[in-house]
Amino acid sequence: MKDARVPRWFGSLAGLASAAVALGVAEVVAVFAGARSAPLVAVGGVVVDSVPKPVKNFAVATFGTHDKAALLIGTTVLLALFAALIGALAVGDLRLGLAGIGVFGIIGIAAAVTRPNSGPGYVFPSLLGAVAGGGAMILLLRQREISPDPYDRRRFLMESGGVLAGAAVVGFIGRQIANRQNVSKARAAVTLPTPASPAPAVPAGANVDTPGASSFVTSNDDFYRIDTALSVPQVDPATWTLRIHGRVRKPMTLTFADLLARPAIERYVTLTCVSNEVGGDLVGNALWLGVPLKDLLEEAGPMDGADQVVGRAVDGFTVGSPTAVLMDGRDAMLAFGMNGKPLPIEHGFPVRVVVPGLYGYVSATKWLSELELTSFADYSAYWVPRGWSQQAPIKTESRIDTPRDGSAPRRGQLTVAGVAWAQHRGISRVEVRIDNGAWQQATLGEVPSVDTWRMWSWTWDATPGDHRIQVRATDNAGATQTQDSAPPDPDGATGWHTISVSVN
Ligand SMILES: Nc1nc2c(c(=O)[nH]1)N[C@H]1C(S)=C(S)[C@@H](COP(=O)(O)O)O[C@H]1N2
Ligand SMILES: [Mo]
């Protein structure tokens, strides 16, 4: 006996399998077309570039440096739901299913070809993926008007299972090839030059020796990562160039070898993200090796009125820094070394910008490809039209690292410790208070320069009960960190880090 209808779940399963085929094929094609042309990465990139400010702030606040993984997982789950729905519709009319896949293909293509710096090959991953997904759907559902009998069901399950497994294998192979395209070998082959101007030694008293305290130097593995790149750009140093152009008297193009041949400096500089909340961990201190930006800019010769230097990354991301700041004598540099190693790929390999005293989004271009001299009036970099300030010097902030908020330390002598930063001004004083009591001066760690954070500690004779601990810092100009609490948006959070503990 033949039934007129296939159960909907047949269709949903076929929809899922077809979507897997589409994505698997698209992954493989993207290996050749460019990682940013893959549909998930391209559509995700459009989402990252267009999310309203509150949503972006929420994502960074909730997922921190995992915001991108959260986006990709979320997108995949949504896509799976739609694929199941499309498959269920396809049971009634196969054309509906194919139209659904077509719509997703068009969305993928539109996203890919409109990405900054996209190539002509960017149409292919979504196009060929959709064709393959449509083919899989036809294969699975064409002859299924009728099939309640158990034999047919088993065959259908085996078929769709086979298609799913096939898609997984294809996707896996694509990933393997993509991984081989990764520039980690080229990175390992880089020999860093000896700096003409070595870093000052880290003073003996830079660290506070207490469990739970941050260390003065943040390791490359522990360094926070913030960027809009869903797929980490793989830039081959052999073909990398930096173009310095725009409103300059002498435009220049440098290769990686040119850059390494110039006199280098090595400096400890603390980087801070403008999205860092009071008490947050989007801040880190590393030893950067690179070439002073001032020398290069002087050679290029900015024209009158070129008050902004726009750093552009290979993925189209841009930052804008004041020309005057880059040339005022501070250690602004094009960095290729981080803590004695070639720049890690996630931190901008082969070359990024580091500027003491400016938040990352207005200074620290990773995967740098261009520096363009222009004016603030003529051009707004990536985050500015998205509501963030055009100029953003780092605000004085301090953080309590130990004890932890909400912890229950033992009564008696307790070390309260943390970090404070006011890059390029320097920290002169840190004070702690308990339960609105008098401010107590903390002991400060030594620092090699005004461009790094400063460790601090204070010994508290902790008494049983619930207590509130607060910290505030003062910079070398004598300005004390404001108590007024402000969110990160639009130019950096302010307020005193406040934690609660129950001493027992
Ligand atoms: N190409 C590129 N560079 C970028 C960004 C980005 O999104 N893309 N983000 C900036 C921001 S907001 C910060 S805070 C720093 C973070 O650098 P890190 O990831 O090495 O800590 O990189 C900056 N450089
Ligand atoms: Mo940032």
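**Close-up views of a predicted model**

The centres of domain 2 and domain 3, taken over C-alpha atoms, are separated by 30 Å. This is a predicted model, where local features need pLDDT of at least 70, side-chain atom pairs count only at pLDDT 80 or more, and totals for chains, interfaces and linings use all residues. Residues are numbered from 1 along each chain as its sequence is written, chains are lettered from A and ligands numbered from 1 in the order in which they are written, and side-chain values use heavy atoms, with hydrogens and water left out.

**View 1. Where domain 2 meets domain 3.** The protein chain splits into domain 1 (8-180), domain 2 (241-386) and domain 3 (397-503), with bounds from an automatic or database domain assignment. Domain 2 puts 22 residues into its contact with domain 3, which supplies 19 residues; contact here means heavy atoms within 4.5 Å.

View 2. Rolling a probe the size of a water molecule over the atoms shows where empty space is left. Here, a cavity is a set of points, on a 1 Å grid over the protein atoms alone, where a 1.4 Å probe fits but cannot get out, and its lining residues have an atom within 4 Å of a point. Grid points are joined across faces, edges and corners, and a volume is the space filled by probe spheres set on the points. Searching the whole structure turns up three cavities of 30 Å³ or more, and the largest cavity holds about 80 Å³ of space. Of the 13 residues lining the largest cavity, N276, E277, E397, W421 and A493 lie nearest its centre. Domain 2 and domain 3 each give at least three residues to this lining. By class, the lining has six nonpolar, five polar and two charged residues (Ala, Val, Leu, Ile, Met, Phe, Trp, Tyr, Cys and Pro count as nonpolar, Asp, Glu, Lys and Arg as charged, and the others, Gly among them, as polar).

**View 3. The second largest cavity.** This one has about 50 Å³ of space. Look for Y361, F376, Y382 and W383, which are among the residues lining the second largest cavity. Its lining counts seven nonpolar and four polar residues, but no charged ones.

**View 4. Helices α4 and α5.** The axes of α4 (residues 67-92) and α5 (residues 94-113) come within 5 Å and cross at roughly 150°, so α4 is roughly antiparallel to α5 (that label goes to angles over 145 degrees). Residues in the contact include L79, F82 and I86 of α4, along with I101 and F104 of α5. Sorted by class, this contact has nine nonpolar, three polar and no charged residues. Axes are lines fitted to C-alpha atoms, for helices over the stretch in contact, with angles from 0 to 180 degrees between N-to-C directions. Helices (H or I, at least four residues) and strands (E, at least two) are DSSP runs, numbered from the N terminus.

**View 5. A cis peptide bond in a loop.** F349 and P350 are joined by a cis peptide bond, with omega about 5°. You'll find P350 in the loop between β8 (341-342) and β9 (352-354).

Notes
1 Å grid on protein atoms, 1.4 Å probe; cavity = no way out; pocket = protein on both sides within 12 Å on 5 of 7 lines; lining within 4 Å. Parallel < 35°, antiparallel > 145°, perpendicular 65-115°, else oblique.
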